[in-house]
Amino acid sequence: MAGDLQGTDVAYLDYNATAPLRPEALEAMLGALQSVGNASSMHHAGRKAATRVDAARRSLADLLNCAPGEIIFTSGATEANNLALRAGYARGGLLVTTAAEHLAVIETARTITAEHPDSLLILPVDQDGVVDLEPLVAALHNKPVALVSLMLANNETGVLIDLDPVCKAAHEAGALVHTDATQYVGRLPLDLAELDVDLLSLSAHKFGGPQGVGALFVRRGTPLPHRPLLVGGGHERGWRAGTLNVAGITGLGAAAQAARRQLADEAVRVTALRSALEAALIVEVADCRINGAHAPRLPGVTSVTFPGVPADAVLAAMPQVAASDGSACSSGAPSPSHVLLAMGRSRDDADSTVRFSLGYATTERDIERATAAAIDAVRHVRSVMAATAEP
Ligand code: PMP
C-alpha cells in the first residue's frame with residue numbers, strides 16, 4: 001500500500017475516489033515546490049517553471065496521443081466538464097447526455113439549460129449501464145444537437161462505453177462529442193488519434209497524480225466558443241485564467257508518464273485481482289450481484305450489491321477496508337446512487353451496494369484481506385439484522 005497507509009493493515013480499495021500519489025509524482029512535485037517561479041514570468045525562474053509545465057503537457061499528450069497544444073490544465077475533471085459543456089452548449093442546439101453520468105456533467109447540464117429545459121436530453125441506460133444508440137441517433141436526426149457528452153468509463157460500476165459509433169453518428173449530424181474520461185485515463189490505453197472525440201476531461205488524482213489538478217483536451221480546429229469560468233490574465237489560451245499550479249501540473253505529468261509506462265501490465269494484474277475478489281464474494285455470499293457484469297468494464301472496479309444488507313453497515317463492520325458505498329463523490333448525501341437507479345436497481349439494492357476500486361498499488365494481500373473482511377462483515381450485519389428483526 002502506498003502513502004500513509006503503508007505498513008498499516010488497511011486495504012485501500014477506493015481508487016475511483018482517489019488513487020494514492022505515485023512516488024514519481026511526489027518526487028517531481030517536491031522539486032517544483034522547492035523552486036520559485038511563476039510560469040508566466042519572463043525571467044530565469046519563470047522560464048524554469050514554464051519548462052516544468054511544458055514537460056507535463058508533453059507527458060500528458062503522450063499518454064493520450066494528442067498534441068500538447070490541445071491540453072488545457074484545469075483544477076480537475078469537474079472544471080473540465082463545466083468548461084466543455086458550457087462551450088459546447090454555447091454553439092446552439094440540444095445538449096445530450098445520459099442518466100449514468102457523473103454529477104459534474106449532469107448538474108452542469110441541468111444548470112446551463114435551466115432557462116431552456118427542452119434543450120437537454122438525458123438518455124436512459126440499460127440494466128448494465130450501457131446507453132442505447134437508437135434514441136441518440138433519433139435525437140441527432142430530429143433536432144440540431146450542439147454537444148453529446150458520454151462518459152468513457154462509469155465511476156461507480158466501471159462500465160465502458162463504445163464511443164466510436166457515437167462519434168460517427170454525432171459528427172455526421174454536425175454535433176460535437178465530449179467524454180468524461182476521468183476514470184479511464186491512466187487505467188486503459190487511450191489513443192486520441194483513433195478515438196474521434198472533440199473534448200475530453202480528466203483528473204490527475206485518479207491515476208496517481210495530486211488532487212486539484214486536471215485537464216480538458218480540446219481537439220485542434222474544433223469550432224468552439226470559449227466560455228471560461230475564470231476570467232483574468234487569459235492563461236491556458238483564454239480557457240482558464242489564473243497562475244498555473246506548477247507543482248500540481250508537474251505531479252500530473254509525472255503520474256501520466258509512470259501510468260503510461262505501466263499501463264498494460266497494471267491492467268492485466270488489476271483485472272486478475274478484481275476477478276479474484278468477485279469470485280470469492282460470489283462463492284461465499286451466494287446472492288450478491290455484480291453491477292454491470294455483462295458489459296465491458298474497467299480493470300479495477302467492482303460494484304457489488306449485497307441484497308438486504310445496508311452498505312453503510314457493511315463498511316462500518318470492516319474498518320480495515322477502505323471502500324465506498326456508491327459514489328464517494330456524493331457520499332454523505334442521503335440519496336441513493338443515481339447511477340444504480342438509472343440501471344433499474346431498486347432503492348434498497350442501491351443502498352446495499354459497495355464499490356471496491358483497485359489500482360496500481362493494490363496487492364494480492366489487500367485483496368485477500370478485503371475479501372475475508374467483506375464476507376465477515378456481510379454475515380455479521382445479516383446476523384445482527386436477523387437477531388433484531390420483529391418476530
Ligand atoms: N467525473 C468522474 C467520472 C469522476 O469520477 C470524478 C471524480 N469522482 C469527476 C468527474 C470529478 O473529478 P474532480 O473531483 O477531480 O474534479
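How much space lies in the largest cavity? About 150 Å³. A cavity here is a set of points on a 1 Å grid over the protein atoms alone, where a 1.4 Å probe fits but cannot get out. Its volume is the space filled by probe spheres set on the points, which are joined across faces, edges and corners.

This is a predicted model: local features need pLDDT of at least 70, side-chain atom pairs count only at pLDDT 80 or more, and totals for chains, interfaces and linings use all residues. Residues are numbered from 1 along each chain as its sequence is written, and side-chain values use heavy atoms, with hydrogens and water left out.

**Stop 1: the largest cavity.** Select Gly 186, Arg 187, Glu 266, Gly 359 and Tyr 360. Of the 20 lining residues, these are the closest to the centre of the largest cavity. Lining means having an atom within 4 Å of a point.

Stop 2: Select Thr 98, Ala 100, Gly 129, Met 151 and Ile 161, the closest to its centre among 14 lining residues.

**Stop 3: Thr 108.** Find Thr 108 in helix α4 (residues 103-112). Is Thr 108 buried or exposed? Buried, because its relative accessibility is 6%; the cut-off is under 20% relative accessible area, with a 1.4 Å probe and protein chains only. Next, select Asn 81, Asn 82, Leu 85, Arg 86 and Leu 103. Thr 108 touches these, not counting residues up to four places away in sequence. Contact means heavy atoms within 4.5 Å.

Technical notes. Helix = DSSP H or I, 4+ residues; strand = E, 2+ residues; numbered from the N terminus. Buried < 20%, exposed > 50% of the residue type's maximum accessible area, 1.4 Å probe, protein only. 1 Å grid on protein atoms, 1.4 Å probe; cavity = no way out; pocket = protein on both sides within 12 Å on 5 of 7 lines; lining within 4 Å.
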